[in-house]
Amino acid sequence: MIYKVEIENFHSIRDPQVLDLRVPANAPRDSDRLASCWRGSVERAPRVVAVYGANGSGKSNLLRVLSFAAWFAAHSFARPPRSQIPHLPFNDEVSLRTPTRLKFWLSGSNEPGAIGLFGSEECPYCYELAIGNGENRTVVNEGIFYWPNSTGRKTRLIERFEDGSVKASDAFSLAGFTKALANVLRPNASVISTLAQLNHSVAAEIARSLNGVQSNIYDEKVEFDEEAVLQDYVDNPELAARLNQEIQRIDVGVRALEFNDGPTGPEVSFRHDKLAFPMPPVFESHGTRQFVKLFPLIESSLATGSTAIIDELDAAIHSMLLPEIIGWYHNPMRNPHNAQLWMSCHNVSLLEHLSKDEIVLCEKDHRGGTELYTLNDVKGVRRDDNFYRKYLGGAYGAVPRLG
């Protein structure tokens, strides 16, 4: 679970922004909307994070930075050796010469080699990344730190410096990897993804854990390839069965989807009540087809306890059905491993189904930079307030300026 982020000089986020999702101590103790920041912690954060703001305020960039960091740590070694790190600093003369700095606090195993294993004792982790901008974008600093339960103090797991030197703790251990790492570590790739390629056991486990991050936004919003998604259903009958348990509530009249491996690729048809024969996807609604595409992402997140990052989840799904999807993350039976959903929203009616802990707001300052804050940061907001009415009335900011 991600419970705190710091972002500076990334796309529209110019000045340092700190988004701390940890809830006040007086937040309801019996709420299914909240989970421990790490197993055994008294600090809690929301399972659902809904990001609101005007068009162009930076909602997608907040989600983009989460996806970027997970990708960079786990997969950047696969990029071409001379390619630039695929991010953009803020577009002004000062920012184009200023490093991008990112920090992410999340839960992880108290035993670094057991990262990603359910049931292991947990503690806080922080991934830090600084990227130099200018003509060549290269890593200035990168590190993973954790606070083991035995000491409660910040401890370096591994840290990489601008000159390419790397230091690691005994728990990470670079024994047998130092020479190889010095030969292959590139300024445009993370040290974790590089060591994972060298079969370093802890780095490989961290990379596997980050692979669980599910997202539909990277450089741009991703439209999943429909044929590839349908092939997933053909190859995974259990996934198809779980979809069919939900589809009847998502689309009026659809009884089930039928998946087959046809002569030219995966074939799917929608069986409706009272229709003589199944219908091909082209005749189904855009919202239904989008749900079919996004369902594997959501289901994987819930099954593995990972983070799902979805830009504009509300763009094609009916507003009455969105609370159903959010409720899956609130339900401890459906979400036993505390998976987390981050989503950008325009549908303000959804505010009636969210708690103040789950609402993040974005707005632009006078220089065009994104400012981020939670509803808990706004003074005087009560838990029983009508968030829908007050947000539309401008009480919280982060609304379009009309006229």
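Biologist: Is Glu299 buried or exposed?
Modeller: This is a predicted model, where local features need pLDDT of at least 70 and side-chain atom pairs pLDDT 80 or more, while totals for chains, interfaces and linings use all residues. Side-chain values use heavy atoms, without hydrogens or water, and residues are numbered from 1 along each chain as its sequence is written. Here buried means under 20% relative accessible area, exposed over 50%, and partly exposed in between (1.4 Å probe, protein chains only). Glu299 comes out at 7% relative accessibility, so it counts as buried.

Biologist: OK, which residue does Glu299 form a salt bridge with?
Modeller: A salt bridge takes a side-chain nitrogen of Lys or Arg within 4 Å of a carboxyl oxygen of Asp or Glu. Glu299 sits in helix α7 (residues 286–304), and its partner, 35 residues apart, is in the loop between α8 and β15; helices are DSSP runs of H or I, at least four residues, and strands are runs of E, at least two, numbered from the N terminus. The closest N and O atoms are 2.9 Å apart, and the partner is Arg334.

Biologist: Which residue in helix α6 does Arg334 pair with?
Modeller: Arg334 is partly exposed, at 21% relative accessible area. Its partner in α6 (residues 237–250) is 88 residues apart from it, and counts as buried at 7% relative accessibility. The closest N and O atoms of this salt bridge are 3.0 Å apart, and the residue is Glu246.

Biologist: How many salt bridges does the structure hold?
Modeller: One of them joins Glu128 and Lys154 at 3.3 Å, N to O. There's also a network of them linking Arg14, Asp15, Asp92 and Arg367. For the whole structure, the count is 19.

Biologist: And how many disulfides?
Modeller: A disulfide would be a pair of cysteine sulfur atoms within 2.5 Å. The sulfur of Cys362 is 11 Å from the closest cysteine sulfur, that of Cys345, so they're too far apart for a bond. Both are tucked away, with Cys345 buried at 1% and Cys362 buried at 0%. Searching the whole structure gives a total of zero.

Biologist: Which residue's backbone oxygen lies 2.8 Å from a polar side-chain atom of Asn188?
Modeller: Asn188 is in the loop between α2 (178–184) and α3, and is buried at 6% relative accessibility. Its side chain also reaches the backbone oxygen of Pro80 at 3.3 Å. At 2.8 Å, the backbone oxygen is that of Ser83.

Methods. A polar contact is a pair of N or O atoms within 3.5 Å; within protein, one must be able to donate a hydrogen and the other to accept it, and residues adjacent in sequence count only if both atoms are side-chain atoms.
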